[in-house]
Amino acid sequence: MPLAEESSSLSSGDPTAATRWSYRDPSDSALPGDDDPSQPFCARHAATIARLTRASFGPHPLAAGLPPPPLRDWHFGKLDDVLARRGWCRACALIADSVDTVAYGDQAEVIACWVWDGVLKGVDEMATLRLRIAPEMVGWESSFEPFDLVPLEANAPATGSDFGLFTGRLVAADQFDMSVVKTWIRTCSEWHGAECIDTAPWKTSDWGVPFIRLISLAEDRLVESPCPPPYAALSYVWGSAPVFKTLQGNIGNLMKPGALASQAFPKSIRDAMALARALDLEFIWIDSICIVQDSNDDKAQQIRIMDGIYSRAHLTIVAAAGAHADAGIPGLKPNTRSLPQRTLRVSDDLTLVALHPDSHRSAAATPWSTRGWTYQERLLSRRCLFSLPDGAVSFQCAKAVWGEDYRAETPQLARCVPMMDVSLNRSWMDPGNMKERGSATVRTRQTPYLHEYSRLVEEYTGRNMTFASDRLLGTNGVLDVLQREFGLCFIQGLPEAIIHMALLWQPRNKLKRVPKDEHTNLPLFPSWSWGGWIGPVGYDDWNEFNSLPELKERERRIIPFAELETIGSTPLEAYYPNKSGGELPSGWSKIATSNGICYILGDNADRFHSVPFIAALTSGPSGVSGPAQPLGLRIRTRVGRFRLTNLIRTFDMNRESAAIERRGRFGLAKPSPATSDQPWLGTILLPSPARYHGQLTQNYEFIILSESYGFSRQEAAPSFAGKLEPYAVFNVMMIRRVVGEEIDKYGKQLSKSTTEAAASTNTIVGDSRNGNAIVERVGVGRMLKSAWEDSNDWETFIIV
C-alpha cells in the first residue's frame with residue numbers, strides 16, 4: 001500500500017489540523033510479523049503499543065511539529081488476524097473487545113493513528129495526543145466504528161481538579177455518576193455564563209403567547225406560567241410506544257395537585273422527570289403533556305414559542321437511547337445499563353482505556369437524529385444532557401463537550417477531539433484534517449443568512465416527520481431565529497427577501513408530494529416550496545463558480561426575470577439585484593467575508609445580511625403556518641416547450657453526489673418533432689425521475705424564473721461551463737398545468753387564501769385567478785439563453 005503524504009496543514013499555523021502524517025516513516029523498518037503466543041503481546045504490538053509510556057501522550061510542543069518516532073501510524077494486520085490473536089495478545093484482546101462489528105474482517109486493515117487532542121487556553125503551543133484505532137479499506141464506513149485510546153488516570157478525582165486532564169476516567173458499568181452530571185451543569189454556569197445560559201427573567205408575551213405550561217415536579221401537576229422559572233426541557237422520540245397526551249377533556253384535571261402522579265407515562269418521560277428532580281430542578285417541559293394535543297389553536301400558540309421554550313430552558317434532556325418513548329434513560333438507576341470499560345495494562349507506568357464514542361458520533365447513529373422535530377429542538381437548546389444507546393451520558397454546551405469516561409472539565413479548555421470533526425488520511429484520498437465542529441445552533445453571528453438558511457433546509461428536510469402536516473411547523477423555531485436576528489419574513493418556509501434564490505431548491509433524493517388535506521382535497525403545501533414535498537432537498541453551493549470568475553456579491557448570481565406576487569396582486573417584498581450592482585441604501589455598508597460580500601445594517605457588525613434589504617415585518621414570529629400564508633405565486637414570464645434527454649454534460653458523479661443525480665438528471669433538447677439529443681440546451685434534476693425515462697419523446701413546458709450566472713458542477717463540466725459568458729443561462733421551472741376538477745378545487749382555495757390575506761391587511765381584492773393558468777412545479781433546472789430564441793410566448797401563471 002502506498003505511503004500517504006505528510007499533511008500539508010502543518011504549515012498552516014495550526015498544527016492540530018494534522019491527523020495522520022504517514023502510515024509509517026519510509027526510513028522505519030517494517031513491523032515484525034513473527035509471533036510468540038507465550039508473550040503478552042504479538043510481535044506487532046510488542047514493537048508499538050508495548051513501547052508506549054505515559055509521556056508518549058504528551059503534552060507535546062505544537063510548534064515543533066509532529067512528535068518523533070516511534071509515534072507514527074501503525075498497521076496491525078487484518079481484523080481477522082487481530083481477532084485470532086485475542087486469546088493471548090493483550091492489545092489484540094482490547095481491540096477485539098472494543099470493535100462494534102467483525103464484518104469485513106478479511107478485508108479491513110486495523111490501523112492506529114495519532115490524533116492531536118487536548119489544548120488549553122493560554123497554553124496553545126502544547127497539546128496532548130490520543131491513539132485512534134480505525135479500519136483501513138475501500139468502503140471503510142461498513143467496517144467497525146473507529147475508537148480512541150488514552151491513558152487511564154485511575155487515581156485522579158472524578159471532577160474538580162486539573163490533574164489528569166485529557167485522560168480516561170473510570171465509570172460504573174451499571175449506573176452513571178449523578179455528581180459528575182451536576183458538576184457539568186454547575187461549572188458550565190460558572191465558567192461560561194451568558195454564553196451558555198441566560199438566567200434573566202423572561203416573558204412569554206415577548207413571543208405573543210400568554211403562557212407556557214410546565215410540569216411542577218413538586219406538586220405533580222400542570223401549571224401555566226407567563227414568566228417561566230428555571231426548568232428542563234425534554235427532547236425524545238415518540239416512536240411506536242403509546243404516549244400520554246394532554247387533551248381538552250383532561251387538562252382541567254391535570255392542573256390539580258397530584259394529578260400527574262397517577263398517570264401512566266412512557267419510560268423516557270418518567271425517567272426525564274426523575275432526572276430533573278435529581279438535578280434539583282422543580283419544573284420540566286414535555287411536549288405531549290404541556291401542549292393540548294387535540295387543540296389546533298393551542299398547538300399553533302405553543303409552537304409559536306418553540307424557540308423560546310428550548311433556548312430558555314436551563315437544560316435540555318436528550319433521551320436518544322432508543323427508537324421510542326419507552327426506551328428510557330439507561331443508567332439513571334442502578335443496574336439499568338451495561339457499559340463495560342475496556343482497558344489494557346501496558347506497564348506500571350501506563351494503562352490504556354478504550355473511550356466510548358463521543359455524544360456527537362453516538363447521537364448521529366440514533367433514531368432521535370433522524371426525526372424532524374428533534375432537529376430544531378437540538379439547534380435551539382443551549383445546553384444538552386445526552387442519554388445515548390450504549391447507556392453513556394454526555395454534556396454539550398456552547399463552549400465544551402464533556403463525557404463520562406474522559407476528563408476535559410476545565411475553564412481553560414480550548415478544544416479536544418470530542419469538539420472536532422476528524423478526517424483521517426487515506427491512501428486514496430486527500431490528506432485528512434481536523435476542524436472545530438462548533439456547537440449545534442442557528443448561526444447568526446458573522447454568517448450570511450443565505451448560507452445558513454441553505455444549510456438548515458438541507459439538514460432538516462433529510463429528516464423524517466410522522467405527520468406530513470408538520471413539514472413546515474417542525475422548522476418554525478429555527479426560522480423564527482432568522483426572522484428575529486435578520487428581519488426576515490417567510491412565506492411557506494422560503495425567505496421573502498431572497499425568494500428568487502430560495503425557489504431554486506433541488507432534490508437530494510427521490511421526492512414525493514405531500515398528501516392531500518382532507519378538507520380541501522389538495523396537497524397540504526404548494527409545490528414551489530420544499531415544504532410541499534417529502535424528502536431531502538438542498539441548494540447549490542453559493543461559493544462555487546465552476547470555472548467562471550468569482551462573483552463577490554453572491555446575490556448577483558441570480559437576477560430576477562419577472563416580478564413575483566402573491567395571489568391578490570400583492571408584490572413580494574423581495575430584493576431585486578442587477579448585474580452591475582449599484583449604490584447601497586442608506587444605513588447599509590459592505591464587508592468582505594469568506595462567503596463573499598455581505599451587508600451590515602447600522603453598527604451591528606455581527607449580522608451578515610445576504611442582501612441590503614429588509615422587508616416590512618409583520619407582527620409575531622415567522623408564521624410559516626399562519627392563516628395568511630399564500631398558496632399561489634403569480635408570475636408573468638416566457639413559456640416554451642422542450643424534450644428531456646439522457647445527454648448530460650457533467651462527469652462529477654462521485655460517491656458524495658446526491659443519490660438522485662445518477663438517475664434523476666436529464667438533459668434538455670429541442671421539442672418534437674426533433675429527435676436528436678443535440679444540441680444540448682440545458683439540464684434539469686427531477687424529483688421523481690422513473691416516470692420520465694420512458695417518455696423522452698414527449699414535450700414538456702418550461703417557464704423562465706430568473707437569469708443565472710452560470711451552470712453548477714453537477715449541471716455542466718467546468719471545461720464547458722467556464723467557456724460561457726456570465727449570465728448566459730436561465731433558471732427555468734418545468735411545469736404541469738392543472739386541469740379538470742383540480743382547477744375548481746384550486747380556484748376555491750385560492751379565493752379563500754386571498755380573502756384571508758385581504759382581511760389581515762384590510763385590503764380589497766378581486767378575482768384571485770383572473771383567468772390565469774394554474775400550474776404546479778415539477779422541477780427546476782438551467783438552460784442556455786440561446787435555447788429560447790425561438791420561444792417568445794408570454795403568459796401569466798399562478799404556481800401552486
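Trainee: Where does pLDDT stay under 50, with 25 contacts beyond four places in sequence?

Mentor: That's residues 618-627. pLDDT is the predictor's confidence in each residue, from 0 to 100, and contact means heavy atoms within 4.5 Å. Where pLDDT is low, the predicted coordinates should not be read in detail. The chain's mean pLDDT is 88. This is a predicted model: local features need pLDDT of at least 70, side-chain atom pairs count only at pLDDT 80 or more, and totals for chains, interfaces and linings use all residues. Residues are numbered from 1 along each chain as its sequence is written, and side-chain values use heavy atoms, with hydrogens and water left out.

Trainee: How many aromatic pairs are there?

Mentor: The structure holds 30. Rings of Phe, Tyr and Trp (its six-membered ring) pair if their centres lie within 6.5 Å; planes under 30 degrees apart are stacked, over 60 edge-to-face, the rest tilted.

Trainee: Why is the pair of phenylalanine 166 and tyrosine 406 called tilted?

Mentor: Their centres are 6.4 Å apart and their planes at 40°, so the pair is tilted.

Trainee: What makes phenylalanine 166 buried or exposed?

Mentor: Buried means under 20% relative accessible area, exposed over 50%, partly exposed in between (1.4 Å probe, protein chains only). Phenylalanine 166 has 6%, so call it buried. Tyrosine 406, at 4%, counts as buried too.

Trainee: How do you know that the charged end of arginine 557 sits over a ring?

Mentor: The rule wants NZ of Lys or CZ of Arg within 6 Å of the ring centre and within 35 degrees of the ring normal. Arginine 557's charged end sits over phenylalanine 545, 4.6 Å from the ring centre.
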